Every structure is written in C-alpha cells, then in structure tokens.
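Biologist: I'd like to learn how to read a model like this one, feature by feature. Can you walk me through it?

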Amino acid sequence: MKYLVMVQGSHADYEAMSGRGSAQGPAWDKESLKAMFDFMNTLNKELVESGEMLDGQGLADPAETRLVSLDAQGSPVVTDGPYAETKEVLAGYWVLDCASLDRVTEIAARVMRCPQPAGAPAYPVVIRRIDETGPVQD
C-alpha cells in the first residue's frame with residue numbers, strides 16, 4: 001500500500017532554522033542543522049534501498065506560499081504567504097510503498113526521533129493512505 005507521510009512545522013520553525021529563534025523555539029546552530037540533515041539523509045537512503053521510498057521532499061519556506069481561490073464572479077484571487085493565521089504548515093513529505101500500516105507507523109516513529117535543539121517544538125508525523133482506487137459509489 002502507498003502512504004503519504006507528512007511532517008509539519010511553522011513559519012517560526014523555518015526562521016529558527018535560519019538562526020532566528022523566537023518564543024516558539026530556539027535558534028538552530030550549524031551542528032543542529034547538520035545532525036537533522038544527516039538523520040534525514042540516512043533515513044531516505046535506507047528507504048530507497050528497501051524499495052519503500054517512491055518520493056520525498058522538504059518544502060521551501062512558507063513565505064514562498066501562494067494561495068489561489070476564486071472570488072464571487074469566479075475570477076482567480078492570488079494571495080502570497082506567509083500566513084500569520086496558519087499555525088502549522090506542511091514542511092516535507094514522503095510517498096512510501098509499505099507492506100502494512102504497522103511498517104509505515106514504524107517509519108513515522110523513527111522520523112519523530114530526528115534530532116533537534118532542546119526546546120524546539122515537536123509536531124506529530126501524519127500518515128495518510130493514498131487511495132489508488134478513486135471514489136466509489138454503491
């Protein structure tokens with residue numbers, strides 16, 4: 001089965017990783033960033049070698065976000081980020097092909113062990129099964 005495994009963060013987390021801490025979390029130093037990247041690169045390599053990783057990417061700073069909606073007349077309305085009202089954003093993802101929900105849960109638990117500075121916020125890892133059958137009506 002295929003699963004989307006998502007890690008979350010906030011705009012403040014991206015700022016912290018750029019060395020600008022806040023009340024939401026401490027500034028990351030070069031050693032903390034290296035530890036996180038080494039951890040993720042090792043995990044990705046192992047998932048590729050096991051044949052479970054189909055895709056995975058970290059996402060750019062939420063400041064580069066763009067929302068497209070429609071106004072009452074059906075014309076596009078474009079809004080650029082970041083969005084102060086958004087507490088959490090998608091920070092990265094993996095598309096995994098795993099034998100079971102237990103296996104993908106094991107991988108998500110490993111992601112939760114990614115090193116980060118003391119006091120940095122922790123977010124749950126979100127697992128969603130990819131529906132390859134599409135909508136079905138009885």
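Biologist: Before we go on, what kind of model is it, and how are residues numbered?

Modeller: It's a predicted model, where local features need pLDDT of at least 70, side-chain atom pairs count only at pLDDT 80 or more, and totals for chains, interfaces and linings use all residues. Residues are numbered from 1 along each chain as its sequence is written, and side-chain values use heavy atoms, with hydrogens and water left out.

Biologist: Which way do strand 3 and strand 4 run, and how many bridges join them?

Modeller: Two strands pair if DSSP finds at least two bridges between them. Strand 3 and strand 4 (residues 76–80) run antiparallel, joined by 5 bridges, and Leu-70 sits opposite Pro-76 of strand 4. The hairpin they form has 5 residues between the strands, and Gly-74 there has a positive phi near 85°.

Biologist: What does strand 1 pair with?

Modeller: Strand 1 pairs with strand 5 over 8 bridges, in the antiparallel sense, with Gly-9 opposite Val-89 of strand 5. Strand 1 also pairs antiparallel with strand 6 (residues 126–129), over 4 bridges; there, Tyr-3 has Arg-129 as its bridge partner.

Biologist: How many helices and strands does the chain have overall?

Modeller: The chain has 3 helices and 6 strands, in the order β-α-α-β-β-β-β-α-β along the sequence. Its C-alpha atoms fill a box of roughly 50 × 40 × 20 Å along the principal axes, and 30% of the 138 residues count as buried.

Biologist: How do I read a nonpolar core?

Modeller: In soluble globular proteins, nonpolar side chains tend to be buried together. A nonpolar core is a set of buried Ala, Val, Leu, Ile, Met, Phe, Trp, Tyr and Cys residues joined through side-chain atoms within 4.5 Å. The largest one here has 24 residues, and Met-40, Leu-47, Trp-94, Leu-96 and Val-111 touch the most other members. Helix 2 gives the most to this core, with 6 residues.

Biologist: Which residues does Leu-47 contact, neighbours within four places aside?

Modeller: Contact means heavy atoms within 4.5 Å. Leaving those neighbours out, Leu-47 contacts Glu-52, Met-53, Trp-94, Leu-96, Arg-103 and Ile-107.

Biologist: And Glu-31, buried or exposed?

Modeller: Glu-31 belongs to helix 2 and counts as exposed because its relative accessibility is 56%.

Biologist: What about the largest pocket: what is its volume?

Modeller: On a 1 Å grid over the protein atoms alone, with a 1.4 Å probe, a pocket is an open set of points with protein on both sides within 12 Å along at least five of seven lines, and lining residues have an atom within 4 Å of a point. The largest has a volume of about 860 Å³. Of its 36 lining residues, the closest to its centre are Val-7, Met-17, Met-36, Met-40 and Ala-91. Helix 2 gives the most to that lining, with 6 residues.

Notes: Points joined across faces, edges and corners; volume = space filled by probe spheres on them. Helix = DSSP H or I, 4+ residues; strand = E, 2+ residues; numbered from the N terminus. Buried < 20%, exposed > 50% of the residue type's maximum accessible area, 1.4 Å probe, protein only.
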